[in-house]
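This briefing gathers selected features of one protein chain under topic headings. Please read it alongside the sequence and the coordinates.

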Amino acid sequence: MITTERIEVHGAVQGVGFRPHVLRLATELGVRGDVRNVGGHVVITACGSPDTLSAFRRALHERAPRHARIDDITVSPHENVGHAGFVVLGSGFAAGPRSIVPDLATCDTCVAELFDPGDRRYRYPFINCTDCGPRATIVESLPYDRSRTSMSGFPLCASCSAEYHDPADRRFHAEPVACPDCGPRLRWGKVLGGEALHAATRVIAGGGIVAVKGLGGYQLICDAADSDAVARLRKLKLRPRKPLAVMVRGVAEARLFSDVDDEAAELLTSPAAPIVVSPSRVGGLDVGLFLPYSPLHHLLLHDLARPLVVTSGNRSGEPIAICDEEAEAKLGPVVDGVLAHNRPILARYDDSVVRAGRMVRRARGFAPAPLSLPVPSPAPVLALGAQLKHTTALAVGDRALVGPHTGDLENAQTFAAFERTVETLCRWQGTTPEYCAHDLHPRYLSTRYAERWSRERRIPVQHHHAHVAATAAEHGVRGQFIGVAYDGLGLGDDGTLWGGEIFLATYRDYRRVGRFGRAPLPGGEVAVRRPSRMALGYLYGAEDFGAPSIPDIGRTAEAGLVRKMVERQVNSPLASSAGRLFDAAAALLGLCEDNTYEGEAAVLLEASAGGHTGPSFEWKLHQRDGMWVYDPVPTLRDLVTCGDPVGVAAARFHTTICEVTAALVREVAGEVRTVCLGGGVFQNRRLVEAVTRELGGFRVLVGERVPVNDGGISYGQAAVAAAVLAGGDC
C-alpha cells in the first residue's frame with residue numbers, strides 16, 4: 001500500500017543543509033515527493049509504503065546534518081504527489097516560531113580548498129558551503145533563501161549555479177555560496193581583491209593596527225607580540241589593563257599561551273569558535289584565545305604566521321561597527337588602514353566568550369539559537385534586558401530567541417543598536433510582541449524603551465529574580481528553588497539597591513529571605529568605579545550589628561571627604577551588594593584602587609587567590625526584618641589585620657564567602673533542594689566550585705549556555721514574563 005504524508009520538521013533546519021539531506025535520503029529510500037522551507041521550518045511531502053516512510057522519518061532525525069537541531073516532527077495524511085521522483089521546491093511562508101542558525105566557523109574541507117592552488121576558490125576569503133559560513137549576520141528575513149540575505153546582490157556565475165543546483169554537491173542550496181568571479185571582494189582604499197589583503201598584512205607586520213571587516217562587525221587587529229602596537233591599541237580602546245583576545249593558528253599554538261584542557265580544545269575547534277578564557281602559562285590573569293573562524297582570518301594568520309590581537313572594532317562605549325561608512329569615519333582616522341569588503345552585515349554580532357565551559361558573552365556562534373522556556377508564553381513577549389552587557393530576548397511559545405550581546409546602553413549609538421536588534425528579532429520571527437518585560441530601574445534606557453507599551457502590557461521583573469530565573473530556566477527547573485543572586489547592583493522591590501540576595505522563588509514570584517549587610521556607596525557611581533572608595537564606605541558606614549569596627553586605615557584627604565559624606569548621608573546610597581564587597585576586599589588588599597573595566601577588582605582578587613588555601617575569616621549571620629543577614633564587618637576586619645600574604649588573604653576571603661553562602665542556603669532551605677546561582681559575581685570560577693562542594697546534598701545549578709552576568713537578564717525576564725502570563729503554580 002502506498003501512502004502520502006505531510007511531514008513538518010521544526011528546529012534549526014534552515015541554513016544547515018537540511019533540504020539536501022532530505023533529498024538524498026528520499027532518493028536513497030525511494031520516496032517520492034518534495035521538500036521546501038516554510039517560514040522557519042521545513043515541510044516535506046513524502047509518498048511511499050508505510051515501512052519506507054517510517055524508515056525515512058527515522059533517518060531524518062538520526063542522520064540529520066551535524067549543525068541541525070530537530071525540536072519536533074509532526075506527521076499528517078496528505079494527498080498523493082504528482083512528482084515522479086523527489087524535488088526541492090521554492091520556499092513558502094507560515095506563522096510560528098522560527099530558528100536562525102548562528103554563523104558557523106569555516107569547515108576543514110573549505111580550509112583545504114582555500115589553500116589548494118588548484119582549486120578555483122584558492123585564497124578566496126569568502127569561501128563557504130552548507131557546513132560553514134555566515135548565517136545570522138547576513139539574514140534579512142525568513143525563509144532562509146539567498147534572495148532574503150545580503151548575498152542577494154551577488155548573482156551566481158555559471159559554475160557556482162551548477163554547484164548550487166546539484167544535489168550531489170556539498171554546496172547544494174548553500175545560500176552564501178560565491179567565488180572570485182561572482183562574489184564579494186576585499187577592498188583597501190582603492191585596491192581590491194588579493195592585493196588588498198597583502199596591503200593589510202604588510203601594515204600589521206610593520207607594527208600597524210588595521211580595522212578588518214569580519215562576519216558580525218569590524219575588528220581591530222595587530223601583532224600580539226608587538227608591545228608598541230598593543231599599547232597603541234589599548235590607548236585607542238581605552239583599555240589600559242583589561243586582557244585582549246588573541247587569535248592563534250591552532251590548539252598547539254594556544255597551548256603555548258595557556259593550559260588548554262580537552263574541554264577548552266573542543267570549544268576552540270567547535271563550529272561556534274568562541275574566545276575561550278583559560279589559565280595563562282605565565283601566571284597572573286587568565287588569557288582569552290580563539291582560532292580563525294572565517295576564511296579571511298585563516299588567510300591573515302597564514303600570511304603573518306604569528307598570533308594576532310583581534311578585538312571588537314569600536315571605540316570605548318560604542319557598539320561594534322558594521323557599516324563601511326561608519327568604520328571609515330570613526331576607525332579610519334585612528335588606525336593604519338581599513339580592510340573592508342562589499343558583503344553587507346545585516347546583524348551585529350561580537351565574538352562569544354566562554355570561561356570554564358560557561359558562557360560569559362553569548363554572541364557569534366551561539367546567538368540567536370533559541371533557548372527553551374520551562375513555561376510556554378501564551379503571547380509574544382519582548383524582554384528588554386538591563387543596562388550593562390545588554391541583550392534582548394523575544395519569547396514565542398516555548399522558546400526565547402536571545403539576541404547578541406549589544407554592550408552597555410550608555411549612549412545614543414548603543415541604544416540605536418539595541419533598537420535595531422529588537423527590529424531584527426521581530427522581523428525574523430514575523431511577529432509583533434504583545435507584552436514587554438523590563439527591569440525595575442527607572443533610569444535604565446531599556447526600561448524607558450518599555451514606555452512604548454501601555455502600562456497593562458508591561459511586566460516589570462526585579463533584576464535579581466531575573467538572574468536566578470535565567471539559571472533555573474536554562475536547566476528546566478520546576479517548582480520552588482533557592483535563588484542566590486550575587487552581583488554589583490540592581491534595584492530592589494523596596495526601592496533600595498540589592499546585590500547579595502537569597503530568594504525562595506518560582507518563575508512567577510520570589511520571597512527575599514537573606515541578604516548581605518548594607519554599606520554606603522560614597523559618590524554613587526564613583527564608588528562603583530573606585531574600589532578604594534567602596535572600602536571607605538564599609539569602614540565608615542557599614543550596617544551595624546554590634547561587631548567591633550574595621551581598623552581605620554583612612555588617612556587621606558579622600559578618606560576625610562568620604563567620612564563626611566557617609567555621616568551626612570550625602571550621595572551615599574546603601575547597597576547589600578556582594579560585588580561591591582569583593583571590590584572593597586580587593587582595595588583593602590592593595591590589588592585595585594580603580595576599576596578600569598567592570599569587575600576588574602574581583603578578577604584581580606580571584607587571580608591573586610590562585611592556588612592558595614586557608615581557613616575562613618570570621619563571619620556572622622543575624623536575623624533582621626525577617627531575613628538572615630550576613631555581617632561582612634568581622635570578615636573585613638580579619639582581612640585587614642590577619643598579616644597573611646595577599647594571595648593567602650584573597651583565598652581566605654573566597655573561603656569565607658563560600659561558607660557564608662552555604663550557611664544562608666541551609667538556614668532558608670526547608671525542604672527545597674535546588675539552588676540556582678545567578679549574577680556577575682558567579683563568573684568567579686573559584687567561588688562557584690567552592691559553593692558547589694560546600695552545598696553537598698543540594699542540586700547546585702549555574703548558567704552554562706546563558707551568561708550569569710547581565711547578559712542573561714533578558715532570558716530570565718522572558719522566563720518570568722511567560723510564567724506570569726501563563727498563570728498557575730509555576
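Two strands are said to pair if DSSP finds at least two bridges between them. The structure discussed here is a predicted model.

**The open five-stranded sheet**

- An open sheet of mixed pairing is built from five strands, which follow the order β4-β1-β3-β2-β5.
- The edges are taken by β4 (69–77) and β5 (86–88); each has a single partner strand, so one side of each has no neighbour in the sheet.
- On average, and with direction ignored, neighbouring strands of this sheet are turned by 15 degrees against each other.
- Eight bridges link strand β1 (residues 3–12) to β4 in the antiparallel sense.
- Within this pairing, E5 has P77 in β4 as its bridge partner.
- Helix α1 (residues 18–29) packs on the sheet and touches β1, β2 (32–38), β3 (41–48), β4 and β5. The direction of α1 makes about 170 degrees with that of β5.
- In general, the strands of a sheet pair through backbone hydrogen bonds, in either a parallel or an antiparallel arrangement.

**Strand β14 and its partners**

- Strand β14 (residues 338–341) is covered on both faces: V338 and A340 are buried on one side, and L339 and H341 are buried on the other.
- Strand β6 (residues 186–188) pairs with β14 in the antiparallel sense over two bridges. Here R187 stands opposite A340.
- Strand β8 (residues 210–213) runs parallel to β14 and is joined to it by two bridges. The bridge partner of A211 in β14 is V338.

- Strand β15 (residues 353–355) and β16 run antiparallel and are joined by three bridges.
- R355 stands opposite R358 of β16.
- Two residues lie between the strands of this hairpin, in which A356 takes a positive phi near 55 degrees.

**The second largest pocket**

- The second largest pocket has a volume of about 710 Å³.
- Its lining comprises 29 residues, of which P102, A272, G365, F366 and A369 are the closest to the pocket centre.
- Two or more lining residues come from each of β4, α8 (262–268), β16 (358–361) and β17 (371–383).

**Backbone geometry**

- Most residues other than glycine have a negative phi, and most peptide bonds are trans.
- The peptide bond from A367 to P368 is cis, with omega near 5 degrees. P368 lies in the loop between β16 and β17.
- H173 has a positive phi, near 55 degrees, and is not a glycine. This residue is placed in the loop between α4 (158–164) and β6.
- H173 has a relative accessible area of 18% and is therefore buried, the limit being under 20%.
- N571 is likewise a residue other than glycine with a positive phi, of about 45 degrees. It is found in the loop between α16 (557–568) and β25 (574–577).
- The relative accessible area of N571 is 48%, so this residue counts as partly exposed; exposed would require over 50%.

**Buried residue I502**

- I502 belongs to strand β22 (residues 497–505).
- Its relative accessibility is 0%, so I502 counts as buried.
- Leaving aside neighbours within four places in sequence, I502 is in contact with I482, G483, V484, Y486, R511, R512, V513, G514, R515, L664 and V668.
- I502 and V629 are 127 residues apart in sequence, and their C-alpha atoms are 9.6 Å apart in space.

**Buried residue R652**

- R652 is found in helix α20 (residues 646–668).
- With a relative accessible area of 14%, R652 is buried.
- The R652 side chain reaches the backbone oxygen of S616 at 3.5 Å.
- Not counting residues up to four places away in sequence, R652 touches G614, P615, S616, F617, C642 and D644.

Terms used:
Residues are numbered from 1 along each chain as its sequence is written. This is a predicted model: local features need pLDDT of at least 70, side-chain atom pairs count only at pLDDT 80 or more; totals for chains, interfaces and linings use all residues. Side-chain values use heavy atoms; hydrogens and water are left out. Helices (H or I, at least four residues) and strands (E, at least two) are DSSP runs, numbered from the N terminus. Buried means under 20% relative accessible area, exposed over 50%, partly exposed in between (1.4 Å probe, protein chains only). A polar contact is a pair of N or O atoms within 3.5 Å; within protein, one must be able to donate a hydrogen and the other to accept it, and residues adjacent in sequence count only if both atoms are side-chain atoms. Contact means heavy atoms within 4.5 Å. Axes are lines fitted to C-alpha atoms, for helices over the stretch in contact, and angles run from 0 to 180 degrees between N-to-C directions. On a 1 Å grid over the protein atoms alone, a cavity is a set of points where a 1.4 Å probe fits but cannot get out, and a pocket is an open set with protein on both sides within 12 Å along at least five of seven lines; lining residues have an atom within 4 Å of a point. Grid points are joined across faces, edges and corners, and a volume is the space filled by probe spheres set on the points.
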